[in-house]
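Hi,

Here is the structure I promised to pass on. Have a look, and my notes follow below.

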Amino acid sequence: MSEKTLFQKIIDREIPADIVYEDEFCAAFRDIQPQAPVHILIVPKKPIPRVGDAVAEDQAQLGALLLAAGKVAEAEGVRSTDKGFRLVINQGRDGGETVPHLHVHLLAGRPLEWPPG
Ligand code: AMP
């Protein structure tokens, strides 16, 4: 069996993190190097390496990430459209991926520029 990813170890409480949400399919915890006042990572419990590696049988995990994002945004007080948030998934070198376990960044709490850097 392949070694656990960093994020699997967080989900399994082997590495400490500020976990703010959890359900059957995913968990969410605060990013250790926040890029905005609210910066939360939403991670499937199944260690899909990156979005481009997901397959049809991962549909429930993928859907759960977006449903969790809405719940986390609500809990953080940023779901309303007068505030708002951004979801980001990085893949590969040019995308800025550094942890090979699929995760959605939820960023909020300040105006976010577009296009991103
Ligand atoms: P990415 O660059 O899209 O792969 O995002 C990986 C994210 O994981 C970065 O924003 C890191 O700051 C974050 N990160 C790395 N290690 C930890 C950790 N132990 N706890 C919480 N976030 C982490």
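Leaving aside neighbours within four places in sequence, which residues is isoleucine 40 in contact with? They are Val20, Ala28, Phe29, Arg30, Asp31, Val72, Glu76, Val104, His105 and Leu106, where contact means heavy atoms within 4.5 Å.

Before you read on: this is a predicted model, where local features need pLDDT of at least 70 and side-chain atom pairs count only at pLDDT 80 or more, while totals for chains, interfaces and linings use all residues. Residues are numbered from 1 along each chain as its sequence is written, and side-chain values use heavy atoms, with hydrogens and water left out.

The protein chain has 3 helices and 5 strands, in the order α-β-β-β-α-β-α-β from the N terminus (DSSP runs numbered from that end: helices are H or I with at least four residues, strands E with at least two).

Now the inside. Buried residues (under 20% relative accessible area, 1.4 Å probe, protein chains only) make up 34% of the 117 in the chain.

Cheers

Terms used
Buried < 20%, exposed > 50% of the residue type's maximum accessible area, 1.4 Å probe, protein only.
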